[in-house]
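This briefing covers a single protein model and is grouped by topic. The sequence and the coordinates come before the notes.

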Amino acid sequence: MRNIAARTVWTALALSLSLQGTGVLAELDKPIMDPAVPFDQMDTNLYNHLKSTPSTYEAWEYGWLPARCHDVAESWENKSPYDMEVYNVFYEDCDRPWVICRHKDAPMSIEKMIDNFGRLPVRLRSLVRVQLAFPERGAGQLLAYAFSDLGDIVFTGDMYPYIRFWFHEIGHIRDANVNASAGDYSASDAWLTDYDEDDYICDAYAKTNNAENFAQEVVVAAYDKIVPGGIAGLVPNYEDIYNQFVNVQEVMRDELCPGGACDRLFEDDHIVCVGPDAGCVTERDHIVARDARLAARSSEPRICEFQH
């Protein structure tokens, strides 16, 4: 069955970073709080307090992909679009399915992706269009990156144990879409004023630049809302970054809280033929359409590298 009613999802991850973006972002000069926020201790508590939303899923008919899925496979991950699997995922708290694209050799199974994504608050999931999963680029190397213009998130390697990186990548999407016409919120006076009120930043990864600091504070702000005892129960000197994570909470509001209903931010991606060998398009038409899509796209993702 060819499913044209597909919906899509979006982007962000963190720690020990390699950055690519459309602008030059400066490393932050504030000191790291001591002790720093122990992000590696967050996952267990988040899993314990976020139940996975009941769901069902179905595979697309072979030969068709969301356009972003096709182009990332070919242009970013150097993989064949013919090796991509596509699924509609139906969660009981939303009347529209999300779309997941998975390379056949990705170590993260479709079931793990569905479980992790389904644990996120539904209003947070609503910021995502498409999720994509690929094999690791190198031994032990886990990457995640977000195309925050349209809410697409890419994971390479098995990211399943690290649910905090879903929050981080979605943080990049929110950052780009608080007011999309004005640029990243993390470069705005509203964010920088509260950033200046604090004497510290939360960890070494946040020191990379304002965008990564904002995305890390999304993780802090979500943890504070979801886990009993909040961030104060995890790090005693939480007031060192108080103005930053409270700013995030004020901007994202109930997006960080379980419950509510879906209200999707982005329309579905358009659907394209995998390629001429699938029998749904001529080679010439396929190449012309692909090149036009790539030429029209202005955004580049921020790439986050996680060493485990």
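E255 sits in the loop between α8 and β8.

- The C-alpha atoms of E255 and L124 are separated by 4.8 Å, although the two residues are 131 residues apart along the chain.
- L265 is also found in the loop between α8 and β8.
- Relative accessibility for L265 is 39%, so L265 counts as partly exposed.
- R253, which follows α8, has a positive phi, near 50°.

**Disulfides**

- The count of disulfides is two.
- A disulfide is a covalent bond between the sulfur atoms of two cysteines.
- One of them is formed by C94 and C262, with the sulfur atoms 2.1 Å apart.
- The torsion about the S-S bond of C94 and C262 is about 80°, so this disulfide is right-handed.
- That pair links distant parts of the chain, 168 residues apart: C94 is in the loop between β3 (84-91) and β4 (98-103), and C262 is in the loop between α8 (242-252) and β8 (271-273).
- Both C94 and C262 are buried.
- C273 is joined to C280 by a disulfide, with an S to S distance of 1.8 Å.
- About the S-S bond of C273 and C280 the torsion is about 75°, so that disulfide is right-handed.
- C273 counts as buried because its relative accessibility is 8%.
- C280 has a relative accessible area of 27%, so C280 is partly exposed.
- With bonded cysteines counted along the chain, the disulfides follow the pattern 1-2, 3-4.

**Two further cysteines**

- C202 counts as buried, at 0% relative accessibility.
- C257 has a relative accessible area of 21% and is partly exposed; the cut-off for buried is under 20%.

**Packing of α8**

- Which residues of α8 are buried? They are Q244, F245, V246, N247, V248, Q249 and M252.
- The buried residues of α8 pack against α4 (122-125), α5 (164-177), α6 (189-197) and α7.
- An α-helix has 3.6 residues a turn, so residues three or four places apart point the same way.

**α7 against α8**

- Two packed helices are described by the angle between their axes and the distance between the axes.
- Helix α7 (residues 210-226) packs on α8 at an angle of about 75°, and the axes are 8 Å apart.
- At that angle, α7 is roughly perpendicular to α8.
- On the α7 side, the contact is made by N213, F214, E217, V218, V220, A221, D224 and K225; on the α8 side, by Q244, F245, V248, Q249 and M252.
- The contact of α7 with α8 comprises seven nonpolar, three polar and three charged residues.

**α6 against α8**

- How do the axes of α6 and α8 cross, and within what distance do they come? They cross at roughly 150° and come within 7 Å.
- This makes α6 roughly antiparallel to α8, because angles over 145 degrees are placed in that class.
- A190, W191, D194, Y195 and E197 of α6 meet N243, Q244, N247 and V248 of α8.
- By class, the contact of α6 with α8 has four nonpolar, three polar and two charged residues.

**Confidence**

- The average pLDDT of the protein is 88, and 89% of the residues score at least 70.
- Residues 1-24 have a pLDDT below 50, and this stretch has 130 contacts in the model beyond near neighbours in sequence.
- Where pLDDT is low, the predicted coordinates should not be read in detail.

Key:
Residues numbered from 1 in each chain as written. Predicted model: local features only at pLDDT ≥ 70, side-chain atom pairs only at ≥ 80, totals over all residues. Heavy atoms only, no water. Disulfide = S-S within 2.5 Å. Helix = DSSP H or I, 4+ residues; strand = E, 2+ residues; numbered from the N terminus. Buried < 20%, exposed > 50% of the residue type's maximum accessible area, 1.4 Å probe, protein only. Axes fitted to C-alpha atoms, helices over the stretch in contact; angles between N-to-C directions. Parallel < 35°, antiparallel > 145°, perpendicular 65-115°, else oblique. Contact = heavy atoms within 4.5 Å. Nonpolar A, V, L, I, M, F, W, Y, C, P; charged D, E, K, R; others polar. pLDDT = per-residue confidence, 0-100.
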